[in-house]
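Please report on the ligand site of this predicted model, then on its backbone geometry.

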Amino acid sequence: MKTLNAAVIGCGSIARFHFPALEKAGVRVAWVCDLNAEAARPWAEKCGARVTTDFRDALADPALDLVDVTAIAPVHKPVCLAAIAAGKAVICEKTLAENAEDAWQIVSAARERGVVFYTSYMKRFIPAVAKARELLPQLGRILTTHIRAHQCWGDLWTENPASGHAHTPPGGRSGIAVKYAGGILPCGGSHILDLVLFLLGRPTRLHAVVHTPPGRDYDLLAAALMETPNGVVHFEALTHALRRIGAWRDGWDERFEITGVHGRLELYSPLWDRPDTHAAYLVHYDNRTAQAVEYRFAPVSPFERAVAFFCGNIARGQQGEQSPLTGYEVDELIEQFRRSAGLGRSVEIPWRDAPATPS
Ligand SMILES: NC(=O)c1ccc[n+]([C@@H]2O[C@H](COP(=O)([O-])OP(=O)(O)OC[C@H]3O[C@@H](n4cnc5c(N)ncnc54)[C@H](O)[C@@H]3O)[C@@H](O)[C@H]2O)c1
């Protein structure tokens with residue numbers, strides 16, 4: 001197979017998982033881009049790549065095959081649209097955009113131009129998640145799912161948080177809101193919404209509560225009841241200050257509990273940035289045998305698995321079984337959480353590619 005040439009756009013904290021993943025996938029990083037050239041330079045030296053502070057330099061390279069977008073949220077749309085227009089395949093970090101309309105424009109452009117396009121929700125590639133999907137039919141009809149993503153972000157519930165990123169200047173935006181396009185909902189919640197889509201299908205209706213403290217521009221709590229083709233989902237994403245809760249007693253408490261007619265799956269997923277030492281695990285209780293089986297997995301980086309899958313498909317010139325719409329779907333759900341919370345009532349999800357309802 002042809003060796004792919006990639007550009008990595010954005011060299012902050014998440015990029016450290018993408019560079020080794022690209023290397024392991026056999027991809028040549030030809031361009032490294034960051035507004036801050038000093039952030040880009042060490043990676044460029046390591047990869048033997050060219051450095052730029054303007055992503056358009058990389059896109060102008062006819063030898064470039066794919067663009068890996070690892071910059072902050074507001075940068076995703078201009079980079080994705082320009083890369084698609086240049087005919088490049090794209091892997092974009094989550095969330096795809098800052099709102100559903102922008103996400104829809106991006107995925108529509110990718111489909112029209114016919115380029116391979118992924119939003120990198122890497123939790124689909126966790127072995128315990130793949131096993132859960134494989135075991136789902138054994139539950140029979142799925143009745144209800146409880147999901148919790150409780151993340152320890154320190155003192156954000158206090159009036160004067162210590163981190164400068166947590167302060168929303170009058171008329172401006174906080175560092176948290178700029179990076180993630182909001183708070184816990186687009187940050188941790190988006191991954192869990194992606195797993196709802198992956199495991200249970202598209203929700204049709206939801207009723208949400210979203211708490212944003214006065215004077216801030218990011219949410220600290222988002223909860224919802226959702227109707228899906230596979231039962232009801234009880235969802236909660238929360239930032240908190242409890243340092244020793246969760247399955248690993250490290251403040252990270254993220255779990256899925258899917259209950260069906262014949263059994264239950266419980267999925268525990270560890271703090272996201274230690275993929276080499278911590279592995280998600282799964283418990284399957286089968287009511288027909290009255291046995292519970294615990295599935296444990298060796299730690300493996302879901303970033304590496306995701307990028308290997310994406311790049312394999314890009315090299316073959318095919319989208320493969322992961323839809324280019326994923327990033328839009330999650331952003332639509334986030335938008336509908338906010339709409340429902342604002343209206344104080346449940347809302348139907350207006351999926352933009354749903355066939356028109358006959359009148
Ligand atoms: N998959 C995950 O689990 C996960 C975890 C953390 C962050 N993320 C996502 O990754 C993205 C980046 O987050 P981060 O924590 O790395 O942020 P970061 O602030 O650490 O790094 C972002 C980098 O982008 C650069 N940048 C900003 N504008 C740019 C531009 N126009 N061109 C080139 N570079 C530009 C900044 O200089 C910075 O170096 C966000 O979308 C975030 O939601 C995903």
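## Ligand shell

Around the ligand stand 23 residues, and Ser13, Ile14, Asp34, Lys94 and Lys179 come nearest. A residue is near a molecule if one of its heavy atoms lies within 4 Å of it. The shell divides into 13 nonpolar, six polar and four charged residues. Here Ala, Val, Leu, Ile, Met, Phe, Trp, Tyr, Cys and Pro count as nonpolar, Asp, Glu, Lys and Arg as charged, and the others, Gly among them, as polar.

This is a predicted model: local features need pLDDT of at least 70, side-chain atom pairs count only at pLDDT 80 or more, and totals for chains, interfaces and linings use all residues. Residues are numbered from 1 along each chain as its sequence is written, and side-chain values use heavy atoms, with hydrogens and water left out.

## Polar contacts and cover

An N or O atom in the Glu93 side chain lies 3.1 Å from a ligand nitrogen. A polar contact is a pair of N or O atoms within 3.5 Å.

On its own, the ligand has 850 Å² of accessible area (Shrake-Rupley method, 1.4 Å probe). The protein covers 86% of that area.

## Pocket and elements

The ligand sits in the largest pocket. A pocket is an open set of points on a 1 Å grid over the protein atoms alone, where a 1.4 Å probe fits, with protein on both sides within 12 Å along at least five of seven lines.

Two or more shell residues come from each of α4 (73-85) and α7 (175-180). The largest share, three residues, is from α4. Helices (H or I, at least four residues) and strands (E, at least two) are DSSP runs, numbered from the N terminus. Domain 1 (5-120) and domain 2 (124-303 + 335-343) each give at least three residues to the shell. Their bounds come from an automatic or database domain assignment.

## Backbone geometry

Most residues other than glycine have a negative phi, and most peptide bonds are trans. The Lys94 to Thr95 bond is cis, with omega near -15°. Thr95 is in the loop between β5 (89-92) and α5 (100-113). Arg249, not a glycine, has a positive phi of about 55°. Arg249 lies in the loop between β10 (231-240) and β11 (253-260).

Terms used
Polar contact = N/O pair within 3.5 Å; in protein donor to acceptor, adjacent residues only side chain to side chain. 1 Å grid on protein atoms, 1.4 Å probe; cavity = no way out; pocket = protein on both sides within 12 Å on 5 of 7 lines; lining within 4 Å. Sits in = over half its atoms within 2 Å of the grid points.
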